[in-house]
Amino acid sequence: MRAGLASLFLLTALSGPAVADEPVSLLARMGEAMENTSYRGRFVYQHGAESSTLEIAHATIDGIEYERLTHLDGQLAELIRHGDQVICVHPDKTITRFARPGEANPLALQARLARQIPEQYRVKRAGDDRVAGRSAWQLDVVPADNWRFGYRLWLDQSSSLLLKSETLDHNGMALERLEYVSLEISPVLAVSDFAAPANAAEQSLPMVEQAVVSERPVRLEPRWLPAGFREAGADTRLEQGYPVTARSYSDGLASFTLFAEPLAERTMRDSVGRRGPTLLVTRVVELGGDRFAVSLVGEVPPATAEQVFAGLQLSLAGGSDD
Amino acid sequence: MSQDMHRENLSALMDGEASELDSRRLLRDADGDDAGRWSRWHLARDVMQGHDVTPAPADFASRLCAGLDGEQRERQQASWLANLSRVGIAASVAMAMVLGWQYMGQGDSGATPQVVQGDARMSRLFTGTELVGADFSTAARPASGVAAPAQAVEPRIEHLMVRHSDFAARQGGQGPVPFVRYISMDANKDAK
């Protein structure tokens, strides 16, 4: 599969950018290129009235994938990825570091992109365009139902990298936009380009085994998911001393994550927030005499969050299901 | 208000031409007929404009009514989902109420989530984007203009956001886009 894609890529590169490919295979190729190509570029990210300029560097060195995202305007914030290590550098120079073991299998991703996306989305070629001085194919990714957002994607014709993307609600309004202004393919990048800066203080989000914590983590069982959404990962991590359980779901493009945490003596109230396409809903619930906060974070329409919450089953891990 | 004038106002709402005051009144007074009309008009316009028509869920109209109804008697609704349902409905019909992330947890209205007006949609900043549907952002913009860029973000929300971004990025569908969302939030918050 990997060799097949590589030769397909080579073939396209040799035969020039005018080859008209199946839109779905373009999407699969984009997923592959985003992981395996070395690149460095600058882009603008916008939602609502907020706008950010960022720099990205991405490379695979000695079999390890490296990525560095740097916020260029306003306050400095960075995200550095070394294989399965994620390092967030915050504006106050503190660092949050966490490991993400169990790296997703790239081949599984390819299979997923090739097989699953057509069911939930219709992918259509929408002509040629230019982004960051490069020729781009434009793809419209139209959802088959109202449970997910749509996308417009601009792919570099020579490298298949994503040059521009918009997330659209069901009225076709852009909820966010990312657009490269410059892109360099195969730049010279060394491991030192991905070094974390010296920092003032460091915190981690350690994974926890259920037996270690005194508070019992909550088990989250959604009885309803939009068609095509599958579990994409789950873990329990200690955040400020509390075990926060997460279960994430994805249809290959859109994702949302459910969280549950014991409140103990903390007070928290129900709240709903939104940033661009990202929705955050927190509900305080009672379970077995204790209070818990259950949250959904994700790029899904509010109605989807509502349905997921309506079908959500909670139980205490390691205890009776009350 | 005469029936004709009411329909005219509803039409203006759909086209994004209703004033903020009119929008609020229409939302308040909308009934089941309005809900049906609303979805029929949207469908008709989409077809006329040659857009792909994505059918609304079968119970969309009844949920819209329930949501609008709930707007009037929200205090009587004890269900912990009542408020969420209201939010979902409002967003579904592209109403002026757009939730601002920055208002998370800062409300003082008991269990009711803060519903604020803001411009969370990009609309007029760019050319080239096909804007389907009404642009309520102008009517919804607060008098003070755009939202202040730096807002307090609770550490708890940061953690949820970074963990979600990591799960989403591992899916790989859009490369680093999930992390970009997180970084932009982190950089635009108040310094700790």
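**Reading the terms in a two-chain model**

Tutor: Helices α7 and α8 of chain B are roughly antiparallel to each other. The model is a predicted one: local features need pLDDT of at least 70, side-chain atom pairs count only at pLDDT 80 or more, and totals for chains, interfaces and linings use all residues. Residues are numbered from 1 along each chain as its sequence is written, while chains are lettered from A and ligands numbered from 1 in the order in which they are written.

Student: Why are α7(B) and α8(B) called roughly antiparallel?

Tutor: Helix α7 (residues 155-171) and helix α8 (residues 177-187) of chain B pack at an angle of about 160°, with axes 8 Å apart. The angle is taken from 0 to 180 degrees between N-to-C directions, along lines fitted to C-alpha atoms over the stretch in contact. Angles under 35 degrees are roughly parallel, over 145 roughly antiparallel, 65 to 115 roughly perpendicular and the rest oblique. The two helices are therefore roughly antiparallel. Their crossing is left-handed (the near helix is turned anticlockwise from the far one by less than a right angle).

Student: Which residues of α7(B) and α8(B) meet?

Tutor: From α7(B), B:Glu158, B:Met161, B:Val162, B:Ser165, B:Ala168 and B:Ala169 meet B:Pro178, B:Phe179, B:Arg181, B:Tyr182, B:Met185 and B:Asp186 of α8(B). Contact requires C-beta atoms, placed from the backbone, within 7 Å. The residues of this contact divide into eight nonpolar, one polar and three charged, where Asp, Glu, Lys and Arg are charged, Ala, Val, Leu, Ile, Met, Phe, Trp, Tyr, Cys and Pro nonpolar, and the others polar.

Student: What makes α8(B) count as mostly covered?

Tutor: Eleven of the eleven residues of α8(B) are buried, among them B:Val177, B:Val180, B:Ile183, B:Ser184 and B:Ala187. The test is the number of other C-beta atoms within 10 Å: 20 or more is buried, 12 or fewer exposed, and in between partly exposed.

Student: How do you know whether A:Ser160 is buried or exposed?

Tutor: A:Ser160 has 24 C-beta neighbours inside 10 Å and therefore counts as buried. A:Ser160 is found in the loop between β9 (150-156) and β10 (162-168) of chain A, and has a positive phi of about 70° although it is not a glycine.

Student: What places A:Ala264 among buried or exposed residues?

Tutor: A:Ala264 has 12 other C-beta atoms within 10 Å, so this residue is exposed. A:Ala264 lies in the loop between β16 (255-262) and β17 (271-275) of chain A, and its phi is positive, about 50°. Most residues other than glycine have a negative phi.

Student: Why does A:Gly228 count as buried?

Tutor: A:Gly228 has 21 other C-beta atoms within 10 Å and is therefore buried. A:Gly228 is in the loop between β13 (218-222) and β14 (230-239) of chain A. The C-alpha atoms of A:Gly228 and A:Asp251, 23 residues apart along the chain, are separated by 5.2 Å.

Student: Which residues touch the most other members of the largest nonpolar core?

Tutor: Of its 80 residues, A:Leu79, A:Leu155, A:Leu161, A:Leu163, A:Leu296, B:Val180 and B:Ile183 do. Such a core is a set of buried Ala, Val, Leu, Ile, Met, Phe, Trp, Tyr and Cys residues joined through C-beta atoms within 7 Å. Beyond its neighbours within four places in sequence, A:Leu161 is in contact with residues including A:Ala33, A:Tyr39 and A:Leu183.

Student: What secondary structure does chain B have?

Tutor: Chain B has eight helices and zero strands, and chain A has five helices and 20 strands. Helices (H or I, at least four residues) and strands (E, at least two) are DSSP runs, numbered from the N terminus.

Notes. Contact = placed C-beta atoms within 7 Å.
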